[in-house]
Amino acid sequence: MAEITLLEAVTQALAHEMEADPNVVVLGEDVGVNGGVFRATAGLWERFGADRVIDTPLAETLIAGMSIGMAAQGLKPVGEIQFMGFIYSAFDQIVSHAARLRNRTRGRLSCPMVLRAPFGGGIHAPEHHSESTEALFAHIPGLRVVIPSSPGRAYGLLLAAIRDPDPVVFLEPKRIYRMFKENVPDTGEALPLDVCFVLREGSDVTLVTWGAMTRETLAAADAMAREGVRAEVIDVATISPLDIQTILSSVEKTGRCVIVHEAARNVGVGAEIAAQLADQGLLSLFAPVKRVTGYDAIMPLHKLEHAYLPTLERIVTAVRETLEAA
Amino acid sequence: MAMRPEDPTREGAHDAAADGSRPVARFEVRYSQILDHTGAVVGRLPKLAREPRALIPLYRAMVLTRLFDAKAVALQRTGQLGTYPSSLGQEATAVGLGAALESRDVLLPFYRDTGTQFMRGVRMTDILLYWGGDERGMAYEGPVEDFPISVPIATHAPHAVGVAYALKHRAESRAAVCSLGDGATSKGDFYEALNAAGVWQLPLIFLVTNNQWAISVPRCDQSHAETLAQKAIAAGIEGEQVDGNDVLAVYETMRRALARARAGGGPHLIEALTYRIADHTTADDASRYRDDAEVSRQRALDPIDRVRKYLTAAGAWSDADESTLEAECRLELEEGVKEYLATPARAPDSMFDHLFEALPAALEAQRDEVKKGGSRG
């Protein structure tokens, strides 16, 4: 079994589910003949035809909005927004309709759709191509926000997202699209949504992260291990609804927590995790919860993006501060 | 109707201008009317109207809609209903659409489509529940595939594209109708949807109820285009105008467009010209921004009066019929209102019932908190 990248795992999941369920359709800009600008839909058009792998006009509101109509009609649309930076014109559709359709019809209509978008910095992309604004979506009731951090989780979580009976915003960390490979057998086995994954067990400090930042965070855990510090690393994966129990259980064990995310700090998902820890886990904490995040500045163009993104060093420093606090 | 560009290579196909340029495409937008405001037949009567009495159900639906609107406004004024948008004066467009739709079609309505929704089988109680502040009013038992009304303007236009795509994808002989107002034609959602419907030749009709006012903004300030129907032309779709106060013209134009769409003939845009006699909603006061004289002039073009005149002239309607009809409608209305007012309140924690198919564990504590009736802190 050949090993595949996170990007190839996305393609593998799409192909698997399109084969298994004739109601699954893929739509977006350049997803058909071209196979997507990142090639996430490569080969699907040839295999499943233009009627199910739909090249849309250049219109993000349309992609999200027609997915809602398709989903209400029993199709399982997987829309692609080419870059997260272009998702905002679809925001109204996601917030006002996708997240609300089941609730406002008391279950008469539902919206089993997935909206995929590559996000995050670190690939020297043009302006508007590098931000991480997952917190905007995590704030919306009725919506799931899922972020994979490895080929295996991309495959399993995307399958789960497509099979889920409710709308999912599926954000793909493009910096690690092709960074490493894993053996991901095409078994069709989904991973659970709404739960965190413990990537590494430890008893001294809990590191909470998601997406591309799992790489730096795991590296920080390695670095700390050389100093005898055993860090537990948690990949949140479904950032909304948030599985705080897994994080709480870990913090009850370690008494220390560092949250790492690429997005800006202000009102980020890290703030919600810290608030819930303060509410329910305060008495387990030996030290204040630390956050290592992008800055509350506009993501710089790529000459400076390295200065914006959290680094291994910043994570290690935060962990040390946490350990020294008490 | 939009005309396709003529073959530019054909000899003498075009008139070259002095600068050598020549027209490559020509378009026109047609307007139709069957019954004018006096009740006179000015167009070709559709099959439906060969027997005048066959118009009575349409007449009845318009009367019922008008009485319902008046009742809903009264309920709002007496604190028994939330903000309500009356469709006073637009009944012919709503009912003409309702009459042309078949149950297999899918309607994506907006908030002034009450009359159409009644004809689709949405109950008065549901409409009242919704405007009374209860989501159960969107759980329609009748037209189970119809969308609930869209409150944000034009945002349902892309949904209609998705619905129509699904219908076409399954090769079903059905069509979708997206109903919107004149203000909606200024929004990007509308253009994106119209464009895509053209690209994929979807079984989708856009019905623009042009009631001349988007709250306080008149039609002339909404767009410099001569007609809203012509917005279809840029998307390669046929657009036409119809007298929106003429229930027969709306019905017949919609019927033809729907039949064509169901048969694979593609999308269509129909602009129904009518007038919003009422305020935008019960929270609005139109006297702040428009002249009473304009409203009076429009009242003379009333959609209901003209049908009564037509039926009366044809010997198919009497004062006694009118009294009977009104009594029937009032009875129906009373029952609907009674049922609405008697509907037991929802449990507060039901706000969590349909957030997702199954409530995520993360939300159980909040639901339980509401269930207990207060903060756990």
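Reader: Which residues does Ala316(B) touch, not counting residues up to four places away in sequence?

Author: This is a predicted model. In it, Ala316(B) touches Pro52(B), Arg53(B) and Leu311(B) once residues up to four places away in sequence are set aside. Ala316(B) itself lies in the loop between α10 (303-313) and α11 (319-342) of chain B. Its C-alpha atom is 8.7 Å from that of Ile56(B), although 260 residues separate Ala316(B) and Ile56(B) in sequence.

Reader: Why is Ala316(B) called partly exposed?

Author: A residue is buried with 20 or more other C-beta atoms within 10 Å of its own, exposed with 12 or fewer, and partly exposed in between. Ala316(B) has 16 such atoms within 10 Å, and is therefore partly exposed.

Reader: What makes Tyr308(A) count as partly exposed?

Author: Tyr308(A) has 18 C-beta neighbours inside 10 Å. Burial requires 20 or more, and exposure 12 or fewer; Tyr308(A) therefore counts as partly exposed.

Reader: Where is Tyr308(A) placed, and which residues is Tyr308(A) in contact with, leaving aside neighbours within four places in sequence?

Author: Tyr308(A) belongs to helix α11 (residues 305-308) of chain A. Beyond its neighbours within four places in sequence, Tyr308(A) is in contact with Gly121(A), Gly294(A), Tyr295(A), Met299(A) and Pro300(A). There is also a separation of 8.4 Å between the C-alpha atoms of Tyr308(A) and Glu262(A), which are 46 residues apart along the chain.

Reader: Why are α1(A) and α7(A) described as roughly parallel?

Author: Helix α1 (residues 6-20) of chain A packs against α7(A) at an angle of about 30°, and their axes are 8 Å apart. Angles under 35 degrees count as roughly parallel, so α1(A) and α7(A) are roughly parallel to each other. The crossing in which α1(A) passes α7(A) is right-handed.

Reader: Which residues of α1(A) and α7(A) meet, and how do they divide by class?

Author: From α1(A), the residues are Leu6(A), Ala9(A), Val10(A), Gln12(A), Ala13(A), His16(A) and Glu17(A). They meet Pro151(A), Ala154(A), Tyr155(A), Leu158(A), Leu159(A) and Ile162(A) of α7(A). By class, this contact has ten nonpolar residues, two polar and one charged.

Reader: How do the two domains of chain A meet?

Author: The domain assignment of chain A gives domain 1 (6-176) and domain 2 (197-324). Taken over C-alpha atoms, the centres of domain 1 and domain 2 of chain A are separated by 27 Å. Across this boundary, 25 residues of domain 1 of chain A are in contact with 23 residues of domain 2 of chain A. On the domain 1 side, α6 (134-138), β5 (144-146) and α7 (151-163) of chain A are the elements that give two or more residues. The residues of that side comprise eleven nonpolar, eight polar and six charged.

Reader: What does the domain assignment give for chain B?

Author: Chain B is assigned domain 1 (31-346) and domain 2 (348-377). The centres of these two domains of chain B, taken over C-alpha atoms, are 38 Å apart.

Reader: How many residues of chain B are in contact with chain A, and which element gives the most?

Author: In chain B, 34 residues are in contact with 37 residues of chain A. Both α5 (157-169) and α6 (188-199) of chain B supply at least two residues of the side of chain B that touches chain A. The most come from α5(B), with nine residues. By class, that side of chain B has 22 nonpolar, seven polar and five charged residues.

Terms used. Residues are numbered from 1 along each chain as its sequence is written. Chains are lettered from A and ligands numbered from 1 in the order in which they are written. This is a predicted model: local features need pLDDT of at least 70, side-chain atom pairs count only at pLDDT 80 or more; totals for chains, interfaces and linings use all residues. Two residues are in contact if their C-beta atoms, placed from the backbone, lie within 7 Å. Ala, Val, Leu, Ile, Met, Phe, Trp, Tyr, Cys and Pro count as nonpolar, Asp, Glu, Lys and Arg as charged, and the others, Gly among them, as polar. Domain bounds come from an automatic or database domain assignment. Axes are lines fitted to C-alpha atoms, for helices over the stretch in contact, and angles run from 0 to 180 degrees between N-to-C directions. Angles under 35 degrees count as roughly parallel, over 145 as roughly antiparallel, 65 to 115 as roughly perpendicular and the rest as oblique. A crossing is left-handed if the near helix is turned anticlockwise from the far one by less than a right angle, and right-handed if clockwise.
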